[in-house]
Amino acid sequence: MRNAHITGVGRYVPPKLVTNRDLTACMDTSDEWIQQRTGIQQRYYSEDSVGAADMGVLAAREALERAGVRADQVDCIIFATLSPDVDMPSSACLLQAQLNIGGVPAFDVRNQCSGFLYSLATANAFIKAGRFARVLVVGGEVHSTGIDLTTRGRDVAVIFGDGAAAALVEPVDDPRKGILTTHLHAEGKYAEKLWLECAAARERPRLTEAMVAGAAPRVFPRMEGRYVFKHAVQRFTEVINEALAAAGCTAADLDLLIPHQANLRISQLVALGFDLPEEKVLNNIQRYGNTTAASIGLALYEAIETGRVRDGSLLCLAAFGAGFTWASLLIRW
Amino acid sequence: MPTALLGLAHHLPASQRVGSAQRPIFRDPGGPSDLAVPAARQAVREAGLTPEQVEFVIFATMTPDVTFPGAACYFQDKFGLGTVGALDVRGQCAGFLMGLMIADDYLRAGIYGTVLLAAGEVHSAGLDYSEAGEPVARLYGDGAAVTLLGARPDSGLEAVVCHSDGRHYQRFWIEYPSSRQHPLRVTVDDLREGKHFPRIDREHVERFGVERLPEVVREALRAAGASAEQIDCFILSHVLPEVVERSAAALAIPPARWIAAGARHGHLTAAALPVALSEARTAGRIGTGARVCLAACGAGYAWGAAVLTV
């Protein structure tokens, strides 16, 4: 059983830069308030009629190019998003059409902030089981069309940014390399601590004018920030430990920790707990905000570009977010 | 050791009249996760296991309880599964087969020892029951099925193949909410135009289904090294009943050996195949040790087939 490895990474960052100061034009907030609580300085928004798959395909093309693989050599597409282009079918199908590789299976993974890692873990299972040789994992989000950009929605709206990232996963012959271990968790008890309610098939009907445009719209994400923060620090720590233990490593062996970019303060607390110096933790939320399923791919891309991941590096990718869901992967580069 | 269905059960809400048809319609407040819980209880019991022994959950649906998190998280909590991973898969009509493919590989790779695969839909929350919408609304029903998958030494899943082709996604789709619409992904105007209801280009969907459904059945049989005569029962799923009939005819399967998944309940999308398989078992039409072929084709387009011994 051969290990799976990431052989190419790509990204797409949309062109519209939105600074914290820009947000003060539509809501009562301040650069200082946002930075103090989240570390975020700016984020990017997509342009009209550009959806998650439209961005994802650009990231995918770059990942394929870097892996030296043609689109028609891809065996399977996994698309992680919570902001699909259309309600149905999956964004994976829309991306597939743009890559012009009809016939290969394409499906969406809907696991919010842990979506990229749930998708990589699934790609890893496909490769290990010998079903596929080239699995394209894409994370893409257009948050900007689904947040309440008024003072009412500011607590959540300031956090999110748009973006996409992709990774090609292939088998590797060297048994010491590649994805060493994967760990996926969820706890639905806390589903409504960070969620987007409607459309909701548990309502009758699932989408109404009141939900969309009533005095208290139900189509925007809601969050109990403090609650999420506390659980995030705990679960990030646990799941990183779980991966290290499974691979027989310690935190001191890690060359780089890439946490889902949820909040700079969370990442800093987690790093502190493992006694990891700043250079061993990748944080770029300052420039992109929280891009949910795209964040870990965007961060991995940056780590490779800046030489922070090299041949032989031991990486831990970790995520926590809505669901609650959380996950970790250990990769020997 | 092959992946096997250690337990399988379904749950359907009470039947209601929709136009000229009778359909299972979930009237109570609740989503697909609620429909899946009673089925899960039965499936786990049949496997002789307890919920604590479930190591991973996969939920296939296109009608989740809320927009996010997914139905898998709600289900995972309602069924009392602690902190096991819960993967939400969106594969439309092929959702169950895609979930089966994923579960099979997590098991064969040795990552998990048991996977609970749930598939459920509450379509009735998102259909247009006006006179204009009735021809589409009457195609659908609500329901869920759950299977507990694990390794079994003798026999089980022999082949599962899945495909997609996104080029024609607008032939069978629900447009809104749509993240690509700025500044807001859904507006009152979109709702007034009915763009949050499913739309089907029947002619195109039928033509595609009639071509792909028999083709993917043949592919799965080839992969399993089985001839059509060696299959005790074919279960075929498509939103349009005529596609299932024409596919069975194209495959020259005698009527006694095929089941139209949507015949009684309408189309249950991700849940269609496992509900039909579970019902056929309960009714004694499929006995233990029977070799079965499941196949579905639908929105995406996405399609697939599996050959397994139950």
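**View 1. Helices H8(A) and H9(A) meet through named side-by-side residues in this predicted model.** From H8(A), the residues in contact are Phe229(A), Ala232(A), Val233(A), Phe236(A) and Thr237(A). Their counterparts in H9(A) are Ile266(A), Leu269(A), Val270(A) and Gly273(A). By class, this contact holds 7 nonpolar and 2 polar residues, with no charged residue.

**View 2. The axes of H8(A) and H9(A) cross at roughly 40°.** Two packed helices are described by the angle between their axes and the distance between the axes. Here H8(A) spans residues 225-246 and H9(A) spans residues 264-273. Their axes come within 9 Å. The crossing of H8(A) and H9(A) is right-handed.

**View 3. Chain A is divided into two parts, domain 1 and domain 2.** Domain 1 covers 3-172. Domain 2 covers 178-332. The C-alpha centres of these two domains of chain A are 14 Å apart. In the contact between them, domain 1 of chain A places 46 residues against 41 residues of domain 2 of chain A.

**View 4. Strands and helices of domain 1 of chain A supply the side that touches domain 2 of chain A.** Four strands of chain A each give at least two residues: E1 (3-12), E3 (42-45), E6 (135-141) and E7 (163-172). Helices H5 (115-128) and H6 (154-157) of chain A do likewise. H5(A) makes the largest share, with 7 residues. This side of domain 1 of chain A has 22 nonpolar, 18 polar and 6 charged residues.

**View 5. Chain B touches chain A.** The contact takes 66 residues from chain B. Chain A brings 69 residues to the contact. On the chain B side, helices H2 (71-78), H3 (95-108) and H5 (188-192) each supply at least two residues. So do strands E5 (85-90) and E8 (157-164) of chain B. E5(B) gives the most, with 6 residues. The side of chain B that touches chain A divides into 34 nonpolar, 21 polar and 11 charged residues.

**View 6. A strand of chain A pairs with E5(B).** The chain A partner is strand E5, residues 106-109. The two strands pair in the antiparallel sense over 2 bridges. Which residue of E5(B) is the bridge partner of Asp108(A)? The partner is Arg90(B). E5(B) is also the element that gives the most to the side of chain B that touches chain A.

Conventions: Residues numbered from 1 in each chain as written. Chains lettered and ligands numbered in written order. Predicted model: local features only at pLDDT ≥ 70, side-chain atom pairs only at ≥ 80, totals over all residues. Contact = placed C-beta atoms within 7 Å. Nonpolar A, V, L, I, M, F, W, Y, C, P; charged D, E, K, R; others polar. Pairing = 2+ DSSP bridges. Domains from an automatic or database assignment. Axes fitted to C-alpha atoms, helices over the stretch in contact; angles between N-to-C directions. Left-handed = near helix turned anticlockwise from the far one by under 90°.
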